[in-house]
Amino acid sequence: MSKRQDALCGSEEICRVLVEGAAEAICVIDADGVFRFMNGTAAEWLGGRPVDYVGKTSWDVFPKEIADRHVAVVRQVIETGEGLVTDSREPLQGEWHCYHTSVQPLRDGRGQVCCALVIACDVTERREAEAALRRREEEYRSLFDRVPVGVYRTTPDGRILQANPALKRMLGYTQADLPQVSVAETYANRDDRRAWRELLEARGVVRDYEVQLRRADGSLIWARDTARVVRDEAGRVLYYEGSLEDITHRKEALEALRASEREKQAILDTPKEHMMLLDRSLTIRWPNRAACESAGLSREALTGRKCYEIWGDGTSVCPDCPVALAMKAGGPREIEKQTSDGRWWYVRGYPLRDETGEVVGAIEMTRDITEWAEAQEELRRKESMLVEAQRIARLGSWDWDVVNDVLRWSSETYKIFGVDEQSFTPTSRGFLAVIHPDDLERVQKAIDRSMYERVPYSVEHRIIRGDGTERIVQEQGRFFFDDDGRATRTVGTVLDITDQRLAQRALHESEAKYRALAENVSDIVYAIDAQGHLTYVSPQIAAYGLCPGEMIGRDFQEFILPQDRERVGMDFERALATGTEFPTELRLRDGEGRTHWLEERGKLLHDETGRIVGVTGILRDITERKRLEAERDWLAQQRQLALDAAEMGWWHYDPATKLARWDNRYKEIFEISGYERLNEEILARLDPDDVPRVRGAVEAALDPTNPQPYAVEYRVNRPDGTVRWVEAHGVAAFEGERDARRATSFVGTVQDITERKRAEEQTKWYQERLQSLAMELSLAEERERRRLAANLHDNLVQHLGLIQIKLSLLRQTPNEVERQAALKEIEELVGRSIASSRSLTLQLSHPVLYDLGFVAGAEWLAEDVQALYGLKVSVKDDGHPKPLEERIRVVLFQCLREVLINASKHAQVDNVRVRIERRHDDSVRVTVRDRGVGFDPAVLDNRSTHGFGLFSIRERLQHLRGHVKVRSAPGKGTTVILTVPLSPTAQVAAEGAS
């Protein structure tokens, strides 16, 4: 019998383990819908433990309609005694799940059906996978049937396993024909099939294999085949699969194009002109023979190159390219241009359009016109050379036939003398008539001397033009003589030098004015040539102990402090590059060694061709201004250092423009971009509850009649979601009097006081908790005194009273037997009194704690807690000595007692584990761990009354330089760790050393 019971118990244990460890949800439900049993998987699905649901009904767990359905199935199984298998989709913890459920009858010892066994399996993932597979199969079938390209599967021996409609149409077969068709029969050349198969099995895949196939009606088509080999796990070929694309029309079009290309090439290779077909990117698509010969490249080498790579600069499109212009304008364009080798070309571009009319390229035709262009250029050059030279030089020429008195003038000579070339006939007499009367004799003498002495002559004189104006000319000439020595011809030139002489005169006047101005202004005036040498320095430079005469011809950089030379040189180079004025600042050391700051403003000088020939400018002494700027910068730096030291930012508000400006710290506090915004945008960052108070403070500070100091605290809502407390101070500046008085400026500081505010709030809360703790301790002391008083009254006092009564009666009892009985009772009462006194003594101060140490005290405390509260406490010590100071030992003992009492009241467990260990840093750690209901540790830091006992423990341990840590979560148990040093003095020393 015992063996049967053991076997039965073992079998039941195995069944229990199997049921509890099953992945399916298993429940036993009676006809009333009450859960009689539930395994862990079912409870976990519902979000709890089996104990939370056993004994409850389906209506307690599920919504009514679901519970009604479940109970109906259970009742049907119980009533009929036959099991059911169902598939359902139901919500669970906010999500829909699919279940495969088996409901079977359970019978009692008499064979009667009493309950139903429900086994449910979550098949949500399997159902979703099956649905996804069906969708993919439908998508594949739809794509397979509708794709315009032929798709197939065949065996290696050529049987067609599968073909889509597009392939059947391509080859001309019906579905009924396919089983009798061999793939080899569809090849126009059976060798192509063998070569294709060898290539496929060697590579595993074939791409874009072009082959000629034979349709069912015998006609031939061209197809592009892409296929792959499909193998099983052992590497055996299962089938070939691939796709066929009908490229017959493409092949025919390509062949027609090739024929057209050959014909076009034969026609276009005949002319000597270069002819090319180009696309929109100017890439050569086809060149004729002449173009290839010109480039020295074959047609293959030239095709695909950019035209400007061959006949241009090689990097970019020619600016005047007629081909590019023709494609852009949509019409022909032509130019004549000369290449780098000196040859001239006539180039014409014709745009090409597609069937929609869009320009897709161009035709370029080029003809060599070098010989014709050179002839034309020579002719134009000869015709215009003399005219252009005379025009540029404003120089006229003349030729006088002395014998026949015929005078010929060039066109420029007519212009110089101011007469019309068509209406005026020049003669020697007419020439002499236009000479200024005061210069006529001098001119005549120069001519006569040249003729008699046979030397060239040169004379400068004035002429009176046809419009009455005077001009100054320089005339040069020479006579030619015959064999008899007679003058026969005179040739010469006449040069208008009026502007030159006037410019020289103006220059002399300008230099005189410039020198007078430069020598009378307070600034230093200077001039530098193109090489950087001084050509002029005004006398004011002498105030710096320098001699102007000694500076002329020297490099200007010599007089600049070495540390400024590079910067001044860079400013000068920048001015040369941009052609603009260049302001700069430099330092000059005077003759006594003192340094002066000078502001230089220079201007570039150009000649008539635009070439830079020098620099002129002024130097102004700004030493005092620099000193003031340095002092201002120093004060600003000191102000900023003071603000930084105080961790403050500054701000400025303009009442007129409503604009606010600030520094980096202000920007950081408000988390705002930029350094200037409208004040309303700043106010939008403030907490809405603080805005009225801030506005009121600003209005009071800007009140011109009675301005108040601006001091306000407010909150700033930053874009990142954080809130910062800010303390702001400010003062306004005013101008005007009485009614005209108004605020002109409002400046101040801001300081982030968030941490201070938090500290104030924490201190306030801390003080409240300490006050509450003090009150609670007073109440606890009073309750302890009342308990001790009651204990003394109920035990010790009553026992002593009875002893007193018994002793009084003993004196009056003569009978020895009665006296012995009374003495025995008194002895028992004395023993009880002693036990009661000992119990009170232990409660007040257990001697074990003082005599044997903390570990022994903790073990006694574990027994006492179990006796008082029924909580089993196991204490484990690491065995290392723990010589705690007395006050630390007492406080740690009291804290451990409070933790154990809290666990007995709130953890809802029957046992707690305590571990005591000494750490390497000479501290003692006590860990109290339970597996109870747990709680959220956040409640310990809020301002409610939760965790008041732990707050008391924390304060007492911190006073001893110890600490407490709490780790807990709802349903996860609680761990409390108490840590104290062996000695607070040693702890302070260790902290100082570290």
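**Figure 1. Cavities in the predicted model.** A cavity is a set of points, on a 1 Å grid over the protein atoms alone, where a 1.4 Å probe fits but cannot get out; points are joined across faces, edges and corners, and volume is the space filled by probe spheres set on them. The largest cavity holds about 290 Å³ of space. It is lined by 20 residues, of which Trp311, Lys337, Val347, Glu364 and Thr366 are the closest to its centre; a lining residue has an atom within 4 Å of a point. This is a predicted model, in which local features need pLDDT of at least 70 and side-chain atom pairs count only at pLDDT 80 or more, while totals for chains, interfaces and linings use all residues. Residues are numbered from 1 along each chain as its sequence is written, and side-chain values use heavy atoms, with hydrogens and water left out.

**Figure 2. Lining of the largest cavity.** Two or more residues each come from β11 (274-279), α12 (307-311), α13 (322-329), β13 (333-338), β14 (344-353) and β15 (359-368). Helices (H or I, at least four residues) and strands (E, at least two) are DSSP runs numbered from the N terminus. The largest contribution, 3 residues, is that of α12. By type, the lining comprises 13 nonpolar, 4 polar and 3 charged residues. Here Ala, Val, Leu, Ile, Met, Phe, Trp, Tyr, Cys and Pro count as nonpolar, Asp, Glu, Lys and Arg as charged, and the others, Gly among them, as polar.

Figure 3. Strands β8 (residues 205-214) and β9 (residues 220-231) run antiparallel and are joined by 8 bridges; strands pair if DSSP finds at least two bridges between them. Valine 206 lies opposite alanine 227 of β9. There are 5 residues between the two strands, and glycine 218 in the turn has a positive phi of about 95°.

**Figure 4. The β35-β36 hairpin.** Antiparallel strands β35 (residues 963-968) and β36 (residues 974-981) share 6 bridges. Arginine 967 has threonine 975 in β36 as its bridge partner. With 5 residues between the strands, the turn includes glycine 971, whose phi is positive at about 80°.

Figure 5. Glutamine 175 sits in the loop between α7 (165-171) and α8 (190-203). Its relative accessibility is 49%, so glutamine 175 counts as partly exposed (buried is under 20% relative accessible area, exposed over 50%, partly exposed in between; 1.4 Å probe, protein chains only). The C-alpha atom of glutamine 175 is 9.5 Å from that of asparagine 164, 11 residues away along the chain.

How values were computed:
On a 1 Å grid over the protein atoms alone, a cavity is a set of points where a 1.4 Å probe fits but cannot get out, and a pocket is an open set with protein on both sides within 12 Å along at least five of seven lines; lining residues have an atom within 4 Å of a point.
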